[in-house]
Amino acid sequence: MEYIWTIALPLAVSFLISTVLLKLFIPVLRKVKLGQKILEIGPSWHKSKEGTPVLGGLFFLLSTVLAFGGWLLFSGTKPDPMLGSIAILALLSALTGFIDDYIKLFKKRNKGLTGKQKLLLQFLIAGAFLAYRAFVCKCDTSVRMFGLFGQDSVDLGWFYYLLMLFVIVYVINCANLTDGIDGLAGSVALIQCVLFLCVGVRAGALFGGDEMNVLCASLAGGLLGFLVFNFHPAKIFMGDTGSLFLGGFVTAVIFAFEAELLLLPICFIWFCEGVSDVLQVFFFRVTGKRLFKMAPIHHHFELCKWSEVRVVFTFSFVSALTCALAFWVMTR
């Protein structure tokens, strides 16, 4: 019963904050014309969405911070140092996204930050995240194997940092690519939060205890509030602020759970989106033809006459299955 209230209260508070903020600010964002610009290289059938307000991610980010901060304040809980690592990766990734959105919306440069600028910032943030874990959290270079292949863990030594630096940046960018149709990125992230909550309730203090549960519940509530307005037809988009925040948050929590090995099943949809984009570019350069009708892969299914709602429900169902697999591995 205690776990239920620990999850339900911050979730409800965050949902309420997110919903109220979005209800208040969507008309304001429309009035000041902070809307999405559909580029020529984008899906032509999304042209009708042009002008839809952006920066929705800012509101579920704020609701998460306020709900979780309020819980820390009233419970008198001293934050665990591991929460600092989540803050570094999630909030600094969100800041990168906000800079990108700001340039697009206020400087009227449709492509925002250049690819090199964004990657440089992301590698610096990922490096700061890994350094914090090493020097403040005293995390070692072992990858937990959860008993797979008969091993508890494998120590990668210094190679761990090099490998994880690229993995973190790649995963966060895959999350960014997933934000392409109404409700998709938010739905997948919500399922990931549910996984974290299930693991937290099942394993208790083993994976961070109440603090991690409250944090994930706070984001889940914020996402639910956002999806009220983002599900098709979307009244607001999350923008890079939101998608990069989600990528950073989920990745950081997976590291906090010592579940780097399970990045693939937990972020399976993200990887599908990212890999489809890489394969599309590679295949076109080699053959001059397209492997998919359009990449990332959610656009391919749209061109196969799938509705946005069908894509979101199908991808969410697949994500639920792969997250269930991750849950089984983490708690067996």
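Trainee: Why does Lys118 count as buried?

Mentor: In this predicted model, Lys118 has a relative accessibility of 13%. Buried means under 20%, so Lys118 counts as buried.

Trainee: Which element holds Lys118, and what makes its contact with Asp100 a salt bridge?

Mentor: Lys118 lies in helix α4 (residues 115-135), and Asp100 lies in helix α3 (residues 81-106). The side chains of the two meet at 3.3 Å, N to O. A salt bridge needs a Lys or Arg nitrogen within 4 Å of a carboxyl oxygen of Asp or Glu, so the pair of Lys118 and Asp100 is one. The two parts tied together by this pair are 18 residues apart in sequence. Asp100 is buried, as is Lys118.

Trainee: What makes the pair of Lys118 and Asp240 a salt bridge?

Mentor: The distance there is 3.2 Å, N to O, and the limit is 4 Å. Lys118 is in helix α4 and Asp240 in helix α8, so this pair ties together parts that are 122 residues apart in sequence.

Trainee: Is Asp240 buried or exposed?

Mentor: Asp240 has a relative accessible area of 9%. With the cut-off for buried at under 20%, Asp240 is therefore buried.

Trainee: Why is Lys104 called partly exposed?

Mentor: The relative accessible area of Lys104 is 28%. Buried stops at under 20% and exposed begins over 50%, so Lys104 falls in between and is partly exposed.

Trainee: Which residues are linked in a network of salt bridges?

Mentor: Asp100, Lys104, Lys118 and Asp240 are linked in such a network. The whole structure has six salt bridges.

Trainee: How do you know that Thr96 is buried?

Mentor: Thr96 is at 3% relative accessibility. Under 20% means buried, so Thr96 counts as buried. Thr96 lies in helix α3. Leaving aside neighbours within four places in sequence, Thr96 is in contact with Leu113, Lys118, Leu121, Ile125 and Leu244.

Trainee: Which residues meet where α2 packs with α8?

Mentor: Gly57, Leu58, Phe60 and Leu61 in α2 meet Thr241, Gly242, Phe245 and Leu246 in α8. By class, this contact has five nonpolar, three polar and no charged residues.

Trainee: What makes Phe146 stand out in its phi?

Mentor: Phe146 has a positive phi of about 55° although it is not a glycine. Most residues other than glycine have a negative phi. Phe146 is in the loop between β1 (142-144) and β2 (153-155). At 10% relative accessibility, Phe146 counts as buried.

Trainee: Why is Lys305 called exposed?

Mentor: Lys305 has a relative accessible area of 75%. Exposed means over 50%, so Lys305 is exposed. Phi of Lys305 is near 75°, a positive value in a residue other than glycine. Lys305 is in the loop between α11 and α12 (308-331).

Trainee: How many helices and strands does the chain have?

Mentor: The chain has 12 helices and two strands. Of the 332 residues, 52% are buried.

Technical notes: Residues numbered from 1 in each chain as written. Predicted model: local features only at pLDDT ≥ 70, side-chain atom pairs only at ≥ 80, totals over all residues. Heavy atoms only, no water. Contact = heavy atoms within 4.5 Å. Helix = DSSP H or I, 4+ residues; strand = E, 2+ residues; numbered from the N terminus. Nonpolar A, V, L, I, M, F, W, Y, C, P; charged D, E, K, R; others polar. Buried < 20%, exposed > 50% of the residue type's maximum accessible area, 1.4 Å probe, protein only.
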